[in-house]
Amino acid sequence: MAEQLDVVVIGAGLSGISAAWHLQRYCPNKTYAILERRADLGGTWDLFTYPGVRSDSDMYTFAFRFKPWTRDTTIAEGAVIKAYLREAAHEYGIDRHIRYGHRLVAADWSETAAAWRLTVDRDGATIEITCNFLFACSGYYDHDEGYSPEFPGSEDFAGTIVHPQHWPKDLDYTGKKIVVIGSGATAMTLVPALSDSGAGHVTMVQRSPGYIGLLPTVDPRARRLNRILPSRIAAAANRWSYILGQVGVYQASRRFPKLMRKTLMMMAERRLPAGFDVDKHFGPSYQPWDQRLCLAPDGDLFATISAGRADVVTDDIETFTPAGIRLSSGEELPADLIVTATGLNLRLFGGIEISRDGVPVNLCDTVAYQGMMLSGVPNMAFTVGYINASWTLKADLVSESVCRVLNYLDAQGFDTVVAREPEPHVQDRPLVRQDSGYVQRALSHLPRAGSHRPWRPHENYLLDLAQLRRVRLDDGHLRFTRSG
C-alpha cells in the first residue's frame with residue numbers, strides 16, 4: 001500500500017527548508033516529508049560548484065527570517081550558504097524529514113480520494129506515495145541541463161569546453177588562457193574568481209553588456225550594529241535595511257531609469273582604467289532592471305580588468321576554431337578553456353507530469369493565483385522567488401500563506417481547495433516579468449499571471465507582505481469543498 005502523508009514538499013533547497021519550518025511552526029499536526037532527488041540538501045548550492053559561486057543577493061535578506069544572518073559579511077560563497085542551510089535543517093529537526101534520492105516523476109490528483117497519487121523514483125525503484133497537499137519547492141530551472149547554444153566549429157576546438165552548471169571537480173586551469181562566454185551573474189562571478197585562482201588570462205566575451213551594481217563584502221554599518229546591539233535585534237535591523245534598500249533601488253530604476261543608468265555607468269567608469277570604453281562594454285541597450293541587475297562584490301570584476309588580468313570583449317562569435325574563438329570583427333581569441341556561461345533553462349516543478357484523474361494538466365493553460373497556486377489544480381502550491389530581490393523573501397511569504405490555507409481547510413471542515421479561473425476582464429501577463437533570454441525562451445511553457453489582483457504579481461515584498469497576510473481566503477477566488 002502507498003504511504004499516506006498530509007503534505008509532500010518537493011525539494012530540499014531554500015524554499016523546501018522554508019516550507020518545512022513553517023509547516024512545523026504553524027501546522028504542527030500535519031505529517032510531511034521532503035522529497036529530494038539529489039544526495040544532499042541545498043538545491044542550487046549543492047548543484048553549482050564552479051569557482052567563486054556565491055549569492056547574488058545580500059545575505060541579510062537571503063537568509064531565513066527564522067534563522068537570521070548574524071555575520072558581518074554581506075555576500076557569501078556557495079559552500080558557506082550550503083553549510084548555513086544544513087545548520088538550519090538540523091537545528092529545527094527538518095533534516096529528519098528529508099528523503100534523498102527520491103525523484104518525483106508524476107503527480108495525479110484523485111477527485112474521489114481528494115488526494116495526490118505520487119509516482120516516485122527512489123534510487124531506480126518506483127514507489128507510490130499519497131498526500132493531501134503537494135508543495136513544489138524545486139525552483140524554476142532545469143537541474144539536468146543548462147542552456148548551451150550551438151556554436152559553429154565547437155567540435156573543432158582542441159581545448160576543453162565547460163558549462164558552469166557541470167563544472168568538473170578535477171579541472172585544472174592553472175596558467176591557461178580562458179574565454180568565458182556570457183554577461184550574466186555567472187560570468188561576472190567566474191572572471192575574477194578564475195583570475196584570482198591561477199588562470200593565465202581570462203577574457204569575457206559578451207554579445208551585449210549587462211548592468212553591474214556594487215555591494216561591499218562587509219557592510220560597516222551592519223558590523224557596527226552587530227557589535228552594539230543584541231544579535232536578534234541587529235539582524236532584524238540589517239534585514240529591514242536591505243529590504244527597504246532593495247525596494248527603493250528597484251522603484252528608482254523603474255521610475256527614473258535614465259538617472260539609474262547614469263549612476264551605474266559612473267560607478268563602473270570610476271573603477272576602470274582611463275580610456276576604457278564603458279558605454280560599449282557596460283552600457284546595455286535596455287533600462288535598469290529590464291533584466292536582473294548583476295552584483296560585483298567590492299567591484300571585483302572592475303578591479304580584475306584594471307589589473308590587466310582580464311579583458312571584456314563585446315562582439316558576436318562567428319565560430320570556434322581549433323585554437324580558440326573567431327569574432328565577427330575578425331579578431332581571434334586564443335583559448336585553452338572555453339566556459340559557456342550562457343544561462344539556464346527554465347523548468348517548473350522539476351518537469352514532473354501533473355494530471356487530474358489521469359488527464360494531463362498543461363501548465364501554460366493555468367493562471368497563477370497570488371503567484372503560488374495554479375487555477376484548476378487542487379491542493380497544490382509552488383514557490384517562485386523574486387527576480388528583483390532575494391528569493392527567500394517570497395519563499396517565506398508563500399510558505400506562510402500555504403499554512404494559512406491548510407489551517408482554514410481544517411477549521412472549516414474542507415479537504416480540497418482550488419483556485420478558480422480569473423474573471424473575463426483579467427488580461428494575461430507573464431508569470432516572470434523579465435526580458436532575460438532564459439525567461440523569454442520559456443514563457444510559452446509557463447503558467448500565466450493576470451492584470452489584476454490576486455492574479456497580478458507585484459515583485460514588491462512590501463506589497464506582498466501586506467496582501468498575502470491580510471487577504472481573505474473566502475473572497476471567492478478560491479473554491480473550498482469536501483469530498484463526497
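Predicted model: local features only at pLDDT ≥ 70, side-chain atom pairs only at ≥ 80, totals over all residues.
Figure 1. The side chains of Arg65 and Asp396 meet in a salt bridge, with an N to O distance of 3.1 Å. Arg65 lies in the loop between helix 3 and helix 4, whereas Asp396 belongs to helix 11 (residues 391-412), so that the pair, 331 residues apart, links distant parts of the chain.

**Figure 2. The salt bridge between Lys67 and Glu91.** The side chains of Lys67 and Glu91 form a salt bridge at 2.8 Å, taken from N to O.

Figure 3. Arg86 and Asp40 are joined by a salt bridge in which the closest N and O atoms are 2.7 Å apart. This pair too links distant parts of the chain, since Arg86 is in helix 4 (residues 78-91) and Asp40 is in the loop between strand 2 (32-36) and helix 2 (44-47), 46 residues away. Arg86 counts as partly exposed at 39% relative accessibility, whereas Asp40, at 16%, counts as buried. Both residues take part in a network of salt bridges that also links Arg38, Asp46 and Lys82. For the model, the count of salt bridges comes to 26.

Figure 4. Thr416 is part of strand 22, which spans residues 416-419, and its relative accessibility of 10% places it among the buried residues. The side chains of Thr416 and Asp415 are joined by a polar contact of 2.9 Å. When neighbours within four places in sequence are left aside, Thr416 is in contact with Trp109, Ala114, Pro378, Asn379, Leu409, Arg479, Phe480 and Thr481.

**Figure 5. The interface of domain 1 and domain 2.** The domain assignment divides the chain into domain 1, made up of residues 3-143 and 345-481, and domain 2, residues 163-342. The centres of the two domains, taken over C-alpha atoms, are separated by 29 Å. Contacts involve 41 residues of domain 1 and 39 residues of domain 2, and about 3,500 Å² is buried between the domains, 54% of it on carbon and sulfur atoms. In domain 1, the residues that lose the most area to domain 2 are Tyr50, Pro51 and Tyr60, which together account for 18% of what that side buries.

**Figure 6. Polar and charged pairs across the domain interface.** Between domain 1 and domain 2 there are 2 salt bridges, and 17 residue pairs are found in polar contact across the interface. On the side of domain 1 that touches domain 2, helix 3 (59-62) and helix 13 (461-470) each supply at least two residues, and helix 13 gives the largest share, 3 residues. By class, this side of domain 1 holds 19 nonpolar, 13 polar and 9 charged residues.

Note on methods:
Residues numbered from 1 in each chain as written. Heavy atoms only, no water. Domains from an automatic or database assignment. Contact = heavy atoms within 4.5 Å. Buried area = accessible area lost by both parts, 1.4 Å probe. Salt bridge = Lys/Arg side-chain N within 4 Å of Asp/Glu carboxyl O. Polar contact = N/O pair within 3.5 Å; in protein donor to acceptor, adjacent residues only side chain to side chain. Helix = DSSP H or I, 4+ residues; strand = E, 2+ residues; numbered from the N terminus. Nonpolar A, V, L, I, M, F, W, Y, C, P; charged D, E, K, R; others polar. Buried < 20%, exposed > 50% of the residue type's maximum accessible area, 1.4 Å probe, protein only.
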